[in-house]
Every structure is written in structure tokens, then in C-alpha cells.
Amino acid sequence: MDLDCLPYGAGHAQEGVCLLVRMGPHRILLDCGVEDIAPLSATLNRSLPADFVVCTHAHSDHARGLLALHQSFPHLPIYASEVTARLLPLNWPELAQQPESGFCQGLPWQSPLEVRPGLSVQLFPSGHLPGAATVLLTYAAPHRTYTVVYTGDFFLSNSRLVEGLPLGELRGMKPDVLILEGSYGTARHPHRRQLENQLADRIHRAIADGYSVLLPAPALGLGQEMLMLLRSHHYFTGRDLDIWVDGTVADGCDAYLELLPQFPTAVQNFALHQPLFWDERVKPRVRRLSAEQRPGLGATPCIVITDQIADLALYVADGTNPWILLAPQKPGYPVSDWLGNTPESGITSVETYLLAEHCDGPGTTQLIHNLRPQHVILLHGSPAYLADLANLDELRNRYQLHTPAAGTLVELPIGEMFLQPAIPETNYEGELSELGTEVAISLPSPITADPRWANFADTGLVEARWQGEELVLRGISQRELLFQGSAVQAHLECCGNCQHYRSQRCWNQSSALFGFKVTPDGFCPVFKAIPDSELFIEGETDGE
């Protein structure tokens with residue numbers, strides 16, 4: 001049976017995601033985030049570019065080509081979750097109220113639908129955004145059943161408005177093919193609540209110093225999450241402060257309010273006591289910004305959330321208080337590549353923050369190991385970051401990995417005798433003792449006697465990092481040790497001791513080295529020392 005995947009857009013830079021998957025006689029289009037749909041039908045001698053389309057979520061890089069696709073092929077079925085089907089029109093504001101915008105058919109969660117003879121589609125929540133879905137395609141061929149899982153954008157952790165992907169419902173699925181994003185490569189993130197606190201603290205300090213804060217954001221997702229953060233964080237609760245929301249971000253807030261019964265119970269309970277977004281009585285006040293109100297912005301410190309593609313000069317008037325622009329980090333790409341027009345005057349500084357909506361490297365590998373596929377196709381992210389993931393020994397030794405560019409056909413032969421790896425045991429109990437400036441970690445003998453522990457710490461070097469309330473241990477392999485060269489001195493100002501140095505790359509958007517692989521003994525002027533709370537422990541392989 002033929003099983004392959006052709007990316008029309010692989011999610012590199014700004015190209016969007018659009019995949020044609022062939023399962024035997026069936027052709028399925030997964031997402032349509034490309035702006036030009038001409039390639040979808042130019043090389044096919046068929047009346048339709050696919051048998052049907054499944055859209056994972058309403059972000060433009062996965063959905064912006066759907067309207068043009070529908071207009072060109074009005075009989076082509078387009079499916080999504082029920083929430084996504086209602087959010088999609090925000091991608092075309094001029095048609096949001098027109099009947100033509102309702103071209104997408106909503107599907108319920110976790111209910112297989114046979115859309116073609118022997119071929120079914122099933123959707124699972126994937127976190128990331130309200131309505132975002134992981135797609136399971138199941139094709140019952142005459143001699144075997146084939147399965148493909150496509151995550152779209154996914155997030156395992158809960159955020160303020162969306163619950164994370166339910167990993168337990170997918171564990172052990174063993175699909176033939178897993179197609180997933182690798183936006184953050186191998187980087188490890190702090191716990192989301194810690195990231196929220198860091199952002200809230202930066203905004204709090206800016207307001208206290210007399211600055212106004214400008215926050216460009218996508219129409220859906222990040223802007224609404226920040227509003228909930230600012231409304232409920234102790235830095236801002238009850239504070240005499242205006243939060244202005246403009247453009248499609250405000251339209252996204254209205255769309256969320258219409259879908260309130262579909263949100264997590266905690267969000268619905270919050271809305272029982274006060275409005276979810278618009279509220280001029282409870283401080284901080286959250287208001288929709290009108291064109292008439294723009295000239296007066298900044299007379300007193302305020303916060304403005306608007307479109308990331310907007311003309312930011314509309315909000316920064318001369319003669320008002322200074323402004324600080326805080327832009328979300330886009331992994332692998334400097335903020336100047338995508339932010340758009342930044343006014344030369346009025347904005348004192350442009351900074352970035354991380355409020356992750358995608359899984360980090362450990363979360364990505366965790367999903368792969370729990371599903372245990374044969375083939376893994378990595379998309380959606382900087383090609384360098386995707387290559388970092390594909391070069392991980394823990395993935396290369398277990399799965400057939402692909403990182404295709406747009407236009408590259410990926411053939412997916414399925415081995416009938418393929419041996420799926422066992423799910424590794426990951427939950428252990430141990431003790432952590434603080435002795436002055438040192439920390440001792442004791443592990444029970446069943447772990448230290450396990451041959452996997454010897455492989456885990458074969459060099460005797462173990463890296464320990466706090467991730468939220470968990471202490472995560474990672475063995476330093478011989479290969480990584482040789483690559484990095486000699487260890488750096490603890491107090492030397494160099495990349496190896498910089499908090500922006502992770503997975504052998506610089507992650508500081510202010511650095512000229514951003515996105516490049518750098519040696520631990522390198523240095524740049526924006527060096528920032530690793531906090532004392534992050535530990536690097538050298539020890540024996542006996543677990544202490």
C-alpha cells in the first residue's frame with residue numbers, strides 16, 4: 001500500500017503548514033496555511049487537490065489558505081473541531097459575518113467518523129489553542145490497518161484558557177506515522193507558571209518606572225492568555241491601570257466569549273464572578289480601544305495589546321510617556337524578521353519574552369516515546385532546531401526520522417516486523433539533601449543497579465536543573481562531552497555559564513549569536529550569568 005506525505009508548506013519561517021498525506025487510494029490535506037494555493041492543484045491530474053481537508057486549529061499559519069481553497073473547490077469537504085470551525089472566520093475579518101465564511105464542518109471530540117470507505121478521522125484536544133486538535137487517520141486496508149497521527153501545534157501543559165493534550169489517551173497508540181511540530185527544538189523551558197511570573201514582573205517594573213507597555217500578539221491565543229494573566233496576577237489585581245485591546249486581538253476576545261461553554265471549568269467559574277475580558281469596573285480595567293482614543297494613549301502608564309502585524313506607530317504618540325515594546329519570542333528567528341514596522345521614536349526599548357504555547361524538547365520527545373510510531377516527521381520550526389531534534393540519539397536509535405522541506409515527498413514504507421520500543425520507566429523516588437553550598441542526590445539501589453543508569457551517566461557527569469517544582473537529571477554523554485570540549489570555569493563570563501546557552505545554541509534574541517551553535521568558551525556583550533538556583537553536579541555513577 002502507498003503511504004507518503006508531501007509538504008506544500010513545512011512551517012519553516014513564514015511559509016505556513018500544508019501537508020498532503022496519501023493512504024492507499026485516499027488523499028488527505030492536513031492544514032492549509034500557505035498563502036498561494038496554486039501548487040496544490042497544478043501538478044495533479046484530478047478535479048480536486050485532495051479527497052478532504054482537516055484543519056487542526058485556527059492560527060493563520062495553519063488556516064490562511066482555506067478560504068481560497070474553498071472558493072476554488074467549493075465541493076471539497078473541510079473538517080475541524082467545532083470550536084475551530086467557529087474561530088476560523090477571524091482569519092478573514094471582511095467575511096466574518098458572511099455565509100461564505102461557514103464552509104468548515106465541525107467534528108466532535110474523540111468520535112471516529114468514516115469519511116471514505118475504510119478511512120476514518122478522529123480528533124483529540126491538543127492544547128495550544130481553544131479547539132486545537134490532534135488528528136488520527138485510520139485506514140483499514142484489505143490485509144492491514146494503517147494509522148497516521150498529526151498533532152498540528154500541541155502543548156502538554158495546561159495554560160489559563162486551554163487544557164493540555166491528554167497524553168494518557170494517546171499513550172501506546174503505536175501509529176505507523178507521527179507528524180508533529182518541533183518549534184523549540186531540543187530546548188528545555190521552565191514551568192509555564194514561572195514564565196508567566198517573569199512576564200508579569202517585567203510589565204510590573206515597566207509600569208512602576210513610568211513606562212507604557214506595548215504588546216503585539218496574534219489574533220488568537222497569546223493575547224487572550226496575557227489578558228487573563230494581567231487580570232488575575234497579584235501584581236495587577238486592584239491596581240488603577242488601563243489595559244487596552246485593539247484589532248483582531250479584540251475580535252478574538254469576543255469570539256472566545258461566544259464559546260465560553262467550551263472552555264475549562266475553571267475559566268467558566270471565573271466568568272461567573274466577573275467578566276472574562278471587558279470590564280471597566282474591576283481594576284485593572286480592560287477596554288476595547290477605539291480610533292478616537294489612540295491619540296491619548298500614554299498620558300499615564302498603560303498596557304496596549306494589539307495585532308503583531310499592526311502599524312505600531314498608531315499607538316505611540318509624541319510627547320507622551322516613554323514606551324517599552326515586549327514581543328513574544330519566535331523560536332529560531334530574530335524579532336526583526338517578523339515583527340513588522342517599529343516606530344523610530346517613542347519606543348525606548350524592544351524586548352522579548354517567552355510564554356510558551358508549544359512543547360519544549362523534552363515534551364516533544366515524551367510524546368514520541370509514549371506514542372511509539374515507526375516514522376516521525378518533524379515540521380513547523382527553524383530547520384536548525386528540527387535538525388537538533390532529529391540528531392538526538394534517543395530518537396535516532398528508535399525511530400525513522402524525517403525533516404522534509406516544502407516540495408519534498410516523504411515515502412513511508414511500513415515494516416510488518418518492526419519492533420516497537422518499550423515505554424521506559426520514568427518515575428523514580430529519591431532524596432535531595434542540601435549541605436551548605438552543595439546538594440546531594442540519593443537514588444535507591446534498584447535504579448543504580450539498572451544497566452540503563454550506567455548508560456545514562458556513563459561519563460560520571462550529570463546535569464541537574466529545576467523545572468518548576470521538579471528537579472530534572474540529565475546524563476552528559478561521551479559524545480556531548482567531546483563536542484563541548486573542556487569544561488569552563490564556574491565563574492568565567494562565557495557562553496557555557498550563560499543562561500541563554502542551551503542545547504549548544506545561543507537563545508538570546510539580543511545577541512549577534514542568536515540561533516547559532518556556539519562553543520561553551522565563547523562570549524558576547526549580552527552575557528547573563530546562570531542563576532545560582534541552576535545546578536551542575538559532577539558525581540559518580542552510583543547516583544550520589
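In the predicted model, Ser 60 is in contact with Gly 33 and Asn 91 once its neighbours within four places in sequence are left aside. Ser 60 and Asn 91 are separated by 31 residues in sequence, yet their C-alpha atoms are 6.3 Å apart in space. Ser 60 belongs to helix α2, which covers residues 60–63. With a relative accessible area of 34%, Ser 60 is partly exposed, because this class lies between the limits of 20% for buried and 50% for exposed residues.

Ser 60 also takes part in the lining of a pocket. The second largest pocket holds about 1100 Å³ of space. Its lining consists of 44 residues, and those nearest the centre are Ser 60, Asp 61, Pro 218, Gln 308 and Lys 330. When the lining of this pocket is sorted by class, 21 residues are nonpolar, 15 are polar and 8 are charged.

At the level of the whole chain, the secondary structure comprises 15 helices and 27 strands. The protein chain has 544 residues, of which 50% are buried. Among contacts with a separation of 6 or more, 71% are made by residues 24 or more positions apart.

The volume of the largest cavity is about 100 Å³. Its lining is formed by 16 residues, and Cys 495, Cys 498, Cys 506, Cys 524 and Phe 527 lie nearest the centre. The lining of the largest cavity contains 11 nonpolar residues, 4 polar residues and 1 charged residue. For the second largest cavity, the volume is about 70 Å³. This second cavity is lined by 13 residues, with His 128, Ser 159, Val 162, Glu 225 and Glu 357 closest to its centre. By class, 7 residues of the lining of the second largest cavity are nonpolar, 3 are polar and 3 are charged.

Aromatic side chains were considered in terms of their rings. A pair of aromatic rings is described by the distance of the centres and the angle of the planes. The search of the whole structure identifies 5 aromatic pairs. One of them joins Tyr 235 and Phe 236, whose ring centres are 6.4 Å apart and whose planes form an angle of 80°. This pair is edge-to-face, because an angle over 60 degrees places it in that class. The two partners are assigned to separate accessibility classes: Tyr 235 is partly exposed at 25% relative accessibility, whereas Phe 236 is buried at 0%.

Another aromatic pair is formed by Tyr 256 and Phe 263, with 5.2 Å between the centres and 55° between the planes. The geometry of this pair is classed as tilted. Tyr 256 has a relative accessible area of 1% and is buried; Phe 263 is likewise buried, with a value of 5%. Together with Phe 277, Tyr 256 and Phe 263 make up one aromatic cluster.

The charged end of Arg 144 is positioned over the ring of Tyr 146, at 4.7 Å from the ring centre.

How values were computed. Residues are numbered from 1 along each chain as its sequence is written. Side-chain values use heavy atoms; hydrogens and water are left out. On a 1 Å grid over the protein atoms alone, a cavity is a set of points where a 1.4 Å probe fits but cannot get out, and a pocket is an open set with protein on both sides within 12 Å along at least five of seven lines; lining residues have an atom within 4 Å of a point. Grid points are joined across faces, edges and corners, and a volume is the space filled by probe spheres set on the points. Ala, Val, Leu, Ile, Met, Phe, Trp, Tyr, Cys and Pro count as nonpolar, Asp, Glu, Lys and Arg as charged, and the others, Gly among them, as polar. Rings of Phe, Tyr and Trp (its six-membered ring) pair if their centres lie within 6.5 Å; planes under 30 degrees apart count as stacked, over 60 as edge-to-face and the rest as tilted. Buried means under 20% relative accessible area, exposed over 50%, partly exposed in between (1.4 Å probe, protein chains only). A charge sits over a ring if NZ of Lys or CZ of Arg is within 6 Å of the ring centre and within 35 degrees of the ring normal. Helices (H or I, at least four residues) and strands (E, at least two) are DSSP runs, numbered from the N terminus. Contact means heavy atoms within 4.5 Å.
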